[in-house]
Amino acid sequence: MKKAIFVVSITLSAIVLINCHAPVKTSTTDNIRQYILDENALFARQLEVMSDLIRGRAGQEQVQHAFAALRHNYKKMEWAVAYYMPETTRFTNGPALDEIEAEENTILEAEGLQVLEEYLYPVPDTSRTAEMLRMIKKLSNKSLAIRTYFEANTISLPQIMDALRSQVFRIITLGITGFDTPVSGTGLTESAWALEGIAGILDRLKPQLQYQDKADTLLTKITAARTVLVAAGDRNHFNYLDFITSHANRISEELYLLRIAENIPAVAVTKAIRDNAPTLFSADAFNPDAFVPGSEYKQSADKAALGKMLFSNPVLSGNGSRSCATCHQSERAFTDGLKTATAIAGGSLSRNTPSLNYSNFQHGQFWDMRRPDLETQAEDVITNKQEMHGSLADISQKLNADIAYKSLFKKIYKTDTIATWQLQNVLAAYIRSLSVFSSGFDRYMRGEKTAMTASQQQGFNLFTGKGKCATCHFIPLFNGTVPPDFTKTEAEVLGVATDFTNKKPDTDRGRGYLHGTIPQLQNAFKTPTLRNIAQTAPYMHHGGYQTLQQVMTFYNKGGGTGLGFKTDNQTLPADQLQLTQEETDKIIDFMQALTDTPQ
């Protein structure tokens, strides 16, 4: 995965440099590049200050103040480092969890600012002085890599505008939610610093812009947003919904309008969020083609329509007794309502049938993520002896003998024979078409203020704040695909019980069955979407929790560790959330607002 991210980053830079014809002087982008280098120099010096303070056993207030200054320096340049150097970013400000490269059977030690934060909060752990100093040394090496990159490489105006937009999305999804600051809880303050970094770039761009009034409007909105964040008190009582709709979305829109007015071309690569989406919550903001395995698999209405026909056709099963729709029922958000799926020959399988809604926005299918995309997922289900017990070759032969189907496939693929990959593709295309973003939440975020009740609005704020739900179920997909690039999907170790009443740990190894030598993947399962969750009971990978109340009780207690289980490598924080019953009810009420309206 690490290698793949690096390749994508290099490709992005190469394509943009070839296709960039923005009317801006080279000196302007050089000035911005120097801004990045200057902030990085401050970051490097602050690391030296931190090192001296820790060696000198300085007091808690002094050390934490220095760490805050360090984070401030990083946040001001984060927009650039995260965009141009995603690999470096992961080990500068990634989660304090080991990085797993399952394909290479490699475990990379967690490092960076979040690891250092764990040593310093709530009080500095003086017993770990040597580890703190080692972590600071690693961060110094990252700072050197940042300096080397930006000294050697030019940057373009389309890239800069794209990176600034991405940073606004990062603030919404990772900044204010506390994902970046799980121990210190300073996410709101640090989001203000991130906006300060954006404003610093716009100040440097402004002299070269034709529509400086639009830049002034944008800077005014950034100032207003920063004021709200700086004035915020307890993160548990912050109005996240109002901040996003009244401030962050407006900043994103103004960035988009500025780019269009200045005739700055979009970056010439396929991204998860379309370039013509003013906000993260715009209709059709997400591009399904960013998640397909190749250009020939791109989405089309004809593919989806044909896939819908096949989805309900029992020809896909070996004995003709079931179709995909047997277990994935539209009225249940494409689940089956059972604790665990039913085998084709009778009896039950070991896992709950997952919803197909929004599954296309995940890099890993099935609970254990054993397949990378929907095409291979379809193959796995069709050929699985317990599920469909079919043969792709046999199915293709039958379809090739059907004049109607053969004509429909030929219209799409321009071939005389239906290939198995085409069969897989149309099924996947239908599943991709199920992501409609038509819920009350979606409509609210687009300006329809009556689309969510007052209780649901409060529930969203609790979901994002006190409940910490948004640190795993990332807004706005509400699954484990990490924003703002959406290039990686996370799995979590929760310590789930067998069921709500029988408080025994579930023994399903999840991803551990596939990667038996990697401890961190034992009992790890993909983080599914919460969209349409009100229709998909029972819950969890084994269907052991019958209601959302039971699920919330489990999380409120701190997962398996909170239940008293010995849960190795639990990624869910074990601290109890201290949610009241009224607060829990409001979060559940908000999740009802994630149910799509029929199209």
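Guide: The model is predicted, and its chain is made up of 21 helices and 4 strands. A search of the whole structure returns 31 salt bridges. The charged side chains number 60 positive and 63 negative, with the centres of the two sets 2 Å apart.

One of the salt bridges joins lysine 488 to glutamate 99, at 3.4 Å from N to O. Lysine 488 sits in the loop between helix H18 (454–464) and strand S3 (491–493), while glutamate 99 belongs to strand S1 (residues 99–101), so this pair ties together parts 389 residues apart in sequence. Glutamate 99 is buried, at 5% relative accessible area, whereas lysine 488 is partly exposed, at 26%.

Another pair is aspartate 216 with lysine 206, whose closest N and O atoms are 2.5 Å apart. Here aspartate 216 lies in helix H9 (residues 212–231) and lysine 206 in the loop between helix H8 (187–205) and H9, so the parts tied together are 10 residues apart in sequence. Aspartate 216 is partly exposed at 32% relative accessibility, and lysine 206 is partly exposed at 22%.

Aspartate 275 and lysine 271 also form a salt bridge, with 2.7 Å between the closest N and O atoms. Lysine 271 has a relative accessible area of 18% and counts as buried, because the cut-off is under 20%; aspartate 275, at 21%, is partly exposed.

Technical notes: Residues are numbered from 1 along each chain as its sequence is written. This is a predicted model: local features need pLDDT of at least 70, side-chain atom pairs count only at pLDDT 80 or more; totals for chains, interfaces and linings use all residues. Side-chain values use heavy atoms; hydrogens and water are left out. Helices (H or I, at least four residues) and strands (E, at least two) are DSSP runs, numbered from the N terminus. Lys and Arg count as positive and Asp and Glu as negative; His and the chain ends are not counted. The place of a charge is taken as NZ of Lys, CZ of Arg, CG of Asp or CD of Glu. A salt bridge is a side-chain nitrogen of Lys or Arg within 4 Å of a carboxyl oxygen of Asp or Glu. Buried means under 20% relative accessible area, exposed over 50%, partly exposed in between (1.4 Å probe, protein chains only).
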